[in-house]
Amino acid sequence: MSAAPGQAILSLAVPAIVLSVTAYGLYKGVDVFDALTAGAKEGLGVVARILPALIILLAVISMLRASGALDLAADALRPLCAVAGIPPECVPLMLIRPFSGSGALAVGAELIAAHGADSLIGRTAAVMIGSTETTFYVLGLYCGAAGVSKTRYALPCALLADATGFVTAALTVRLFG
């Protein structure tokens, strides 16, 4: 079975980019290997700066799930979400999404498997995942990489943006779904 023409082009894209960047660097007289090594060394420094925040974030998510705190919070928020037009089944997704993209995908997959991909709940979960961000991960990653320690306004604004994304996702699915 042969690959589609578009697939053949995509499979050549990365090697073509690497080859063209290398050729351009050589043309400009840059020691390409030294530049690559310096970039890798800088990347390791970034990883070393952000790794503690990521480890803590993953540990907190695991503790919240294992302790049942996420389930208690979901139960408390269900009536409010129902008033806002958000399917109550999507509350666990809303709680985990700001912390973990893979956790949110797992919850979304469970919702879609249980209710169907074309159900109101399945469509709402899919749009919520695409409309919101892993806020704590992004703040930990970018602020840690940039050395920003004063995030006083960043977190509330980002969480407000997530809440707006959740409500808007539910409203959009109800209007156009």
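Is Asp 118 buried or exposed? At 63% relative accessibility, Asp 118 counts as exposed, where exposed means over 50% relative accessible area, buried means under 20% and partly exposed lies in between (1.4 Å probe, protein chains only).

Before going on, note that this is a predicted model, in which local features need pLDDT of at least 70 and side-chain atom pairs count only at pLDDT 80 or more, while totals for chains, interfaces and linings use all residues. Residues are numbered from 1 along each chain as its sequence is written, and side-chain values use heavy atoms, with hydrogens and water left out.

Arg 78 is partly exposed at 29%, and Asp 75 is partly exposed at 47%.

**The largest pocket**

Next, select Leu 77, Met 94, Leu 95, Ala 163 and Phe 166, which of the 15 lining residues are the closest to the centre of the largest pocket. A pocket is found on a 1 Å grid over the protein atoms alone, as an open set of points where a 1.4 Å probe fits, with protein on both sides within 12 Å along at least five of seven lines, and lining residues have an atom within 4 Å of a point. The volume is about 290 Å³, taken as the space filled by probe spheres set on the points, which are joined across faces, edges and corners. Colour helix H3 (69–83), helix H4 (91–96) and helix H8 (154–176), each of which supplies at least two residues of this lining, with H8 giving the largest share, five residues. The lining divides into 14 nonpolar residues, no polar ones and one charged, where Ala, Val, Leu, Ile, Met, Phe, Trp, Tyr, Cys and Pro count as nonpolar, Asp, Glu, Lys and Arg as charged, and the others, Gly among them, as polar.

**The second largest pocket**

Now turn to Leu 58, Phe 99, Ser 100, Gly 101 and Ser 102, which lie nearest the centre of the second largest pocket, lined by 13 residues. This pocket has a volume of about 200 Å³. Helix H2 (32–67) and helix H5 (101–115) each supply at least two residues of the lining, and H2 gives the most, with six. Its residues divide into six nonpolar, six polar and one charged.

**Along helix H2**

Stay with Leu 58, which lies in helix H2 and counts as exposed, at 55% relative accessibility. For a distance to display, pick its C-alpha atom and that of Val 18, which are 34 Å apart although the residues are separated by 40 positions along the chain. Finally, select Val 47, which is also found in helix H2 and counts as partly exposed at 41%.

How values were computed. Helix = DSSP H or I, 4+ residues; strand = E, 2+ residues; numbered from the N terminus.
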